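Here is a short briefing on one protein chain. Read it with the sequence and the coordinates open.

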Amino acid sequence: MKKEIEMKKKFEAIVISGPTGSGKNKIANILGNHLPIMVINADAIQVYKKWKILSGRPTDIEQKKVIHKLYGHYNGNYYNVGKWLKEVSYYVDKAKKNHLLPVVVGGTGLYINLLFQGISNIPSIPIKIRNKGKEILNSDPLFFYNYLKQNDPHILSIIDCNNNRRLQRAWEVMETTGVSLIEFQKDRETPILNPKKTKKIVLCVDKILLNKMIDLRFDKMIASGAIYECHRVLNEGFWDYTLPSSKIIGAQELVLYLQNLKSLEDAILEAKIKTHQFAKRQRTWFRKNMKDWKKIEITNTTIFDNSLLNLI
């Protein structure tokens with residue numbers, strides 16, 4: 001009880017991040033055994049209603065036991081960080097008004113960063129330019145990098161050059177306004193969370209152990225109906241690999257299996273490998289951007305018990 005009271009007084013919010021498959025949601029639910037909290041999603045894929053299994057969303061039982069928000073609530077295909085920030089701001093305020101501790105959970109670095117930095121006031125991009133960008137991305141993915149290297153080289157030092165969507169976004173802003181995205185980033189809205197009053201936790205997992213955890217989790221997804229989930233999305237006409245909502249790892253591989261273009265064994269193996277690679281990129285990003293965060297080393301799965309509170 002003393003630990004619980006101290007934590008509530010010391011922090012206005014908790015943010016839990018870490019690579020995919022590391023157990024972030026489990027830790028949040030353990031906190032719910034000790035504290036009156038509201039868990040708020042910060043995973044860009046878990047917002048989509050159609051991906052319940054493959055996205056690794058908290059179970060129905062977990063969501064009934066502890067208040068969860070922004071999980072599977074969006075029925076469209078084009079959710080973005082702007083929408084998320086508006087919604088997360090609403091729920092952080094609502095949690096505080098109801099004397100609940102907001103616990104933001106997720107591994108999407110952009111979302112986490114903007115919690116503490118505030119979003120830039122970037123002008124709307126015309127549909128014509130958005131469509132032009134999509135066509136270029138499909139025909140010449142290297143175009144955006146080469147364009148920015150020539151016209152806006154400084155932006156390449158602060159965005160993920162391996163993320164074509166980020167490069168496309170920087171190109172869209174330059175194409176629309178003639179001004180670098182960097183200039184708009186200087187003018188930001190008030191951040192949702194104060195980093196000095198937020199307990200920031202990042203999970204660190206050994207590469208070999210994390211890959212085993214990822215593989216086990218994907219096997220459980222298959223056993224829980226991930227193939228049926230892809231079959232439903234495909235049959236209902238919601239599948240388009242170019243959509244943001246279809247960027248979930250594992251979906252494209254299982255869809256190719258359902259279309260008889262890939263064996264199930266190959267689909268599962270490729271999905272696991274892609275998830276390993278994604279987790280590696282996340283770990284690299286976390287090491288660079290979360291140096292001052294409280295690190296919790298996950299050495300084995302037995303860490304997920306009620307003694308976890310003492311580590312936080």
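S2 and S3 form a parallel pair held over 3 bridges. This is a predicted model. The chain's secondary structure comes to 13 helices and 6 strands. The points below start with the sheet, then turn to the cores, a helix, a loop residue and the chain overall.

**Sheet layout**

- The sheet is open, has 6 strands and runs in the order S3-S2-S4-S1-S5-S6, with parallel pairing.
- Strand S3 (67-69) and strand S6 (294-298) are the edge strands; each has a single partner strand, so one side of each lacks a neighbour in the sheet.
- On average, neighbouring strands in this sheet are turned by 25° against each other, direction ignored.

**Strand S2 and its partners**

- On the S3 side, Val39 has His68 as its bridge partner.
- S2 also pairs with S4, in the parallel sense, over 5 bridges.
- Two of the bridge partners in S4 are Leu101, for Ile37, and Pro102, for Met38.
- S2 is mostly covered, with 5 of its 5 residues buried.
- Ile37, Val39 and Asn41 point one way from S2, while Met38 and Ile40 point the other way.
- In a regular strand, side chains alternate between the two faces of the sheet.

**Strand S1 and its partners**

- S1 pairs with S5 in the parallel sense over 5 bridges.
- S1 also pairs with S4 in the parallel sense, over 3 bridges.
- Ile16 has a bridge partner in each of these strands: Ile201 in S5 and Val105 in S4.
- S1 is mostly covered too: 5 of its 5 residues are buried.
- Ala13, Val15 and Ser17 point one way from S1; Ile14 and Ile16 point the other way.

**Nonpolar cores**

- The largest nonpolar core has 47 residues.
- Trp51, Leu54, Trp84 and Leu115 have the most contacts inside this core.
- Elements that give two or more residues to this core are S1, strand S2 (37-41), H4, H5, helix H10 (207-224), helix H11 (226-235), helix H12 (251-258) and H13.
- H4 supplies the largest share of this core, 7 residues.
- A second, separate core has 23 residues, including Ile16, Val39, Tyr71 and Val103.
- In soluble globular proteins, nonpolar side chains tend to be buried together.

**Helix H5**

- H5 covers residues 109-117.
- Its buried residues are Gly109, Tyr111, Ile112, Leu114, Leu115 and Phe116.
- Just after H5, Gly118 takes a positive phi of about 85°.

**Leu156 in its loop**

- Leu156 lies in the loop between helix H7 (143-151) and helix H8 (164-177).
- Is Leu156 buried or exposed? Its relative accessibility is 13%, and the buried class lies under 20%, so Leu156 counts as buried.
- Leaving aside neighbours within four places in sequence, Leu156 is in contact with Tyr145, Leu148, Lys149, Cys161 and Leu167.
- Leu156 and Ala170 are 14 residues apart in sequence, and their C-alpha atoms are 9.3 Å apart in space.

**Whole chain**

- The C-alpha trace spans about 60 × 50 × 35 Å along its principal axes.
- Of the 312 residues, 46% count as buried.
- Among contacts with a separation of 6 or more, 78% join residues 24 or more positions apart.
- The chain exposes about 16,600 Å², and carbon and sulfur atoms supply 52% of that area.

Definitions and conventions. Residues are numbered from 1 along each chain as its sequence is written. This is a predicted model: local features need pLDDT of at least 70, side-chain atom pairs count only at pLDDT 80 or more; totals for chains, interfaces and linings use all residues. Side-chain values use heavy atoms; hydrogens and water are left out. Buried means under 20% relative accessible area, exposed over 50%, partly exposed in between (1.4 Å probe, protein chains only). Helices (H or I, at least four residues) and strands (E, at least two) are DSSP runs, numbered from the N terminus. A nonpolar core is a set of buried Ala, Val, Leu, Ile, Met, Phe, Trp, Tyr and Cys residues joined through side-chain atoms within 4.5 Å. Two strands pair if DSSP finds at least two bridges between them. Axes are lines fitted to C-alpha atoms, for helices over the stretch in contact, and angles run from 0 to 180 degrees between N-to-C directions. Contact means heavy atoms within 4.5 Å. Accessible areas come from the Shrake-Rupley method with a 1.4 Å probe; for residues, only the protein chains shown count as cover.
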